[in-house]
Amino acid sequence: MAALCHFPSAPSSPRLFPLSRLLSPVSRASKPQHLLLAACPIENSIPNASTAGSRLRCFSSSPNAAASPVTLPSDERESRSLGDITRPDFPILRQVVNGFNLVYLDNAATSQKPSAVLDVLNEYYETYNSNVHRGVHYLSAKATDAYEEARTKVATFVNAMDRREIVFTRNATEAINLVAYSWGLLNLRSGDEILLTVAEHHSAIVPWQIVAKKTGAILKYVGLTKEEVPDLDLLKGLLSKNTKLVVTHHVSNVLGSVLPIDDIVVWSHNVGAKVLVDACQSVPHMIVDVQKLGVDFLVASSHKMCGPTGVGFLYGKIELLSSMPPFLGGGEMISDVFQDYSTYAEPPSRFEAGTPAIGEAIGLGAAIDYLSSISMQTIHNYEVELSNYLYHSLCSVPNLHIYGPAPSETVHRAALCSFNVEKIHPTDIATFLDEQHGVAIRSGHHCAQPLHRALGVTSSARASLYFYNTKEEVDAFTQALKDTIDFFTSAL
Ligand SMILES: Cc1ncc(COP(=O)(O)O)c(C=O)c1O
C-alpha cells in the first residue's frame with residue numbers, strides 16, 4: 001500500500017451512527033447546492049471524442065477492432081472532457097437527488113444507459129418484439145437477425161475468432177456457473193486444484209466451491225502482497241501439474257488493480273491449466289482482446305457496460321465449448337428429443353436453453369455500438385486520468401485509507417477507490433453522502449468478503465467512475481466526503 005492515505009490500522013469494526021437521528025430536515029435544507037453539472041448542452045447524437053490524454057501508460061495498446069472514432073476539433077477537445085461531452089447522452093444523470101444534482105459514483109455496481117441504448121430497447125419492444133429462432137414470420141425473422149447480430153457485435157468487441165464462441169447468459173455470474181457446472185463437472189476429479197485469488201468476486205468463488213464439493217477438487221487461494229495486490233509470485237509458485245483451472249479477475253472491483261492476464265495465461269498453460277477470466281470490470285473500460293490474452297474462458301455483464309440488465313456473456317474457445325455438455329436443458333438447446341434421451345445443438349445454442357433475453361441482448365449490441373463510437377482507447381485514456389485524479393483527491397482527505405496499489409508510471413489503477421475512514425462506518429459515509437449531498441457511492445463488502453478479511457476489515461466505501469463522470473464530480477465528492485467526516489467527527 002502507498003505511504004499516502006494511510007491510517008495505521010484499518011477499522012475492523014467501524015462505529016455505526018444512528019443516522020436517522022443525526023440527519024434532521026433542517027440540516028438537509030441548509031446544505032448549499034454545490035454542482036454545476038447540468039451546464040453542458042444536451043446532445044442527441046452519439047458522441048465522438050478524441051483522447052483526453054493520459055499522464056500514464058495505458059493498460060493495453062492494441063487497437064479497438066470495432067471503433068472508428070471521429071476526432072473533435074482541438075479547441076473543443078481542450079475545453080471539454082469526455083465526461084462533459086458524453087453525459088448529456090445519459091438522461092438519468094440530469095436529475096436532482098435529495099436536493100442536489102446527482103453525482104453517480106457507483107458504476108462498478110452498474111453503469112447508466114445512454115439514450116442510444118434506451119431507444120433501441122424501446123424500438124425492439126414497440127416494433128419487432130418476437131421470439132427468436134422459432135418463427136418464420138417477419139417479426140421473428142427480424143428479432144432473430146438482431147439477436148444474432150448482437151452476438152457478432154460482442155464477438156468483434158472482444159476480438160473472438162469465431163462468433164460461436166459467444167454465449168449469451170443472464171449475467172457474468174451465470175456465465176461462470178455455466179463453466180463450473182458444464183466444464184467443471186466434466187473435467188475435475190478428486191485432488192485436482194482450482195487456483196483463485198483472494199480478491200475474486202463471490203460470483204467467481206461460490207460456483208467453484210459447489211463444484212469442488214461435488215468433485216473432490218481443491219480450491220487454492222493466492223493472497224495479497226504488501227501493496228495489496230494479488231501476489232503473482234505466489235500464484236506462479238502454486239501452479240503445478242495438479243492445477244486444472246485458474247480463476248482470476250482482470251480488474252479488481254475493490255482494489256482497482258489490473259492483473260497481467262497474458263502472463264497468467266502463459267504460466268497456467270505451461271502446467272496444462274485452463275484460465276477463466278472475470279472481466280466484469282475490464283471489458284466496460286478498456287480494450288479486451290481474448291485472442292491476444294489467450295484466455296480459455298472470459299465473462300462479462302452487459303449492465304456494467306452501458307447495456308441493459310438481464311444479459312451477459314461467456315466467451316469460450318470453440319474447441320472447449322464444443323466438448324462441453326449442456327448446463328441447462330430445454331427448448332433451443334437441442335438437436336433432437338426422444339422420449340428417453342436428446343441430442344444437443346452445437347454451441348452457442350447448446351448453452352442457451354429457453355427463450356433468451358432478446359431485447360436485452362440487442363440492447364447490449366447497441367451499448368457496444370455506443371462505446372465503440374467513442375472508442376475503448378479513448379474511454380480508457382480518460383479513465384486513467386480520472387483514476388489518478390480520484391486517487392490523489394482522496395489522498396487529501398485526512399485519516400482515509402485507500403485499498404489497493406498506489407498509481408505510478410508502471411502501476412495502473414481502474415477509476416475506482418475503495419476506502420475506509422478512521423472510526424466512521426462506511427455505510428454511514430455512503431448514507432450521509434446520499435442524503436446530504438446527492439452523491440451515490442457503495443458501501444459494504446462489494447461481494448468480496450474473503451478479500452475484505454485479507455485486508456483486515458469487514459467492509460469499505462467505494463467510489464467507482466465511468467467515462468461520463470468528470471473531475472468536477474470528483475471535486476464535489478471529495479468536498480462532500482470532507483463535510484461528512486467533519487459531521488461525524490464533531491459528533492464524537
Ligand atoms: C468483478 C466482478 N465479478 C463479477 C460480478 C458479478 O456480476 P453480475 O452480478 O452482473 O453477474 C461483478 C459485479 O459486481 C464484479 O464486479
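Trainee: What pLDDT does the protein chain average?

Mentor: The average is 87, and 84% of the residues score at least 70; pLDDT is the predictor's confidence in each residue, from 0 to 100. Over residues 1-73, however, pLDDT stays under 50. The model has 144 contacts beyond four places in sequence for residues 1-73, a contact being two residues whose C-beta atoms, placed from the backbone, lie within 7 Å. Where pLDDT is low, the predicted coordinates should not be read in detail.

Trainee: How many helices and strands does the protein chain have?

Mentor: There are 17 helices and 17 strands; helices (H or I, at least four residues) and strands (E, at least two) are DSSP runs, numbered from the N terminus. Among contacts between residues at least 6 apart in sequence, 76% join residues at least 24 apart.

Trainee: Which residues are closest to the ligand?

Mentor: Asn 171, Thr 173, His 201, Asn 253 and Ser 301 are the closest of the 15 residues that surround the ligand. A residue is near a molecule if its C-beta atom, placed from the backbone, lies within 6 Å of it. The shell divides into five nonpolar, nine polar and one charged. Here Ala, Val, Leu, Ile, Met, Phe, Trp, Tyr, Cys and Pro count as nonpolar, Asp, Glu, Lys and Arg as charged, and the others, Gly among them, as polar.

Trainee: Why is the ligand said to lie between domain 1 and domain 2?

Mentor: Domain 1 (19-113 + 372-490) and domain 2 (117-371) both give residues to the shell around the ligand, so the ligand lies between them. The domain bounds come from an automatic or database domain assignment.

Trainee: Why is His 446 called buried?

Mentor: A residue is buried if 20 or more other C-beta atoms lie within 10 Å of its own, exposed if 12 or fewer, and partly exposed in between, with C-beta atoms placed from the backbone. His 446 has 23 C-beta neighbours inside 10 Å, so it counts as buried. This residue is found in the loop between strand 16 (442-444) and helix 16 (449-455).

Trainee: What makes His 133 partly exposed?

Mentor: His 133 has 17 other C-beta atoms within 10 Å and is therefore partly exposed. His 133 lies in the loop between helix 5 (115-128) and helix 6 (138-157).

Trainee: How do you know that the length of helix 6 agrees with expectation?

Mentor: The expected span of a helix is 1.5 Å times one less than its number of residues. The 20 residues of helix 6 should span 28 Å, and its end C-alpha atoms are 28 Å apart, so the two agree. Buried residues of helix 6 pack against helix 5, strand 4, strand 10 and helix 13. Asn 159, which follows helix 6, has a positive phi near 55 degrees.

Trainee: What makes helix 7 mostly covered?

Mentor: Twelve of the 16 residues of helix 7 are buried, among them Trp 183 and Thr 173. Strand 4 (166-169) and helix 8 (206-215) are included in what covers them. Helix 7 (residues 172-187) reaches 21 Å from its first C-alpha to its last, close to the 22 Å expected.

Trainee: How many residues of helix 15 are buried?

Mentor: Nine of its twelve residues are buried, and helix 15 is mostly covered. Phe 432 and Leu 433 are among those buried. Just after helix 15, Gly 438 takes a positive phi of about 70 degrees.

Technical notes:
Residues are numbered from 1 along each chain as its sequence is written. This is a predicted model: local features need pLDDT of at least 70, side-chain atom pairs count only at pLDDT 80 or more; totals for chains, interfaces and linings use all residues.
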